[in-house]
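Let's take a walk through a protein model together. Have the sequence and the 3D view open as you read.

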Amino acid sequence: DEVDWEDADSVGSDELLDTKLPANNNTQTPKPITIDMNAPTKANAKKKRKRSARRMYRFHSLPPHLQSLLLEIQRSHLLTLSSRAIQISKCCSNLEVLHVANSLVPSQNS
């Protein structure tokens, strides 16, 4: 089941140039067409929409105490991420660390 593929430029390019174009497009030349076989299909797009809709339904179908627990977990996670970003920023603004980092960068003259 081997498929013979040919380049778009060589397949029928002479035939395309010999055909007459309509009177209003005489200056245009035919261009090769490329088809992307990996493009997403409509079926895949529909599946993604259904999955996100199901997730929302699952969250809203939980009991209220579990919904609030999940929200608190998410908020605490965001808080830890922001506090880590602040800590890293403070460490990187230390003058000694900046001088060491600057000395590790190669100079343009060497």
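## Finding your way around

Helices (H or I, at least four residues) and strands (E, at least two) are DSSP runs, numbered from the N terminus. The protein chain has four helices and zero strands, so its elements, read from the N terminus, go α-α-α-α.

What you see is a predicted model, in which local features need pLDDT of at least 70 and side-chain atom pairs count only at pLDDT 80 or more, while totals for chains, interfaces and linings use all residues. Residues are numbered from 1 along each chain as its sequence is written, and side-chain values use heavy atoms, with hydrogens and water left out.

The score to know here is pLDDT, the predictor's confidence in each residue, from 0 to 100. The protein chain averages 75, and 55% of the residues score at least 70. Which helix gets the highest confidence, and which the lowest? Helix α3 comes out highest, at a mean of 94, and helix α1 (residues 13–18) lowest, at 53.

## Inside or outside?

Time for some labels: a residue is buried under 20% relative accessible area, exposed over 50%, and partly exposed in between (1.4 Å probe, protein chains only).

The accessible surface of the protein chain is about 11,300 Å², and carbon and sulfur atoms account for 57% of that. Such areas come from the Shrake-Rupley method with a 1.4 Å probe; for residues, only the protein chains shown count as cover.

Leu70 counts as partly exposed, because its relative accessibility is 39%.

A salt bridge is a side-chain nitrogen of Lys or Arg within 4 Å of a carboxyl oxygen of Asp or Glu. The structure holds one: Arg75 pairs with Glu72, and their closest N and O atoms are 3.2 Å apart. An α-helix has 3.6 residues a turn, so residues three or four places apart point the same way. Glu72 is partly exposed, at 46% relative accessibility.

## Polar contacts at two spots

A polar contact is a pair of N or O atoms within 3.5 Å; within protein, one must be able to donate a hydrogen and the other to accept it, and residues adjacent in sequence count only if both atoms are side-chain atoms. Gln67, in helix α3, has a side chain that reaches the backbone oxygen of Phe59 at 2.9 Å. A polar atom of the Gln67 side chain also lies 3.2 Å from the backbone oxygen of Leu62.

Now look at the loop between α3 and α4, where Asn94 sits. At the start of α4, a side-chain oxygen of Asn94 comes to within 3.3 Å of the backbone nitrogen of Glu96. Asn94 is partly exposed, at 39% relative accessibility.

## Two cysteines, no bond

A disulfide is a covalent bond between the sulfur atoms of two cysteines. The cut-off used here is a pair of cysteine sulfur atoms within 2.5 Å, and the structure holds zero disulfides. Cys91 is partly exposed, with a relative accessible area of 45%, and Cys92 is partly exposed at 46%.
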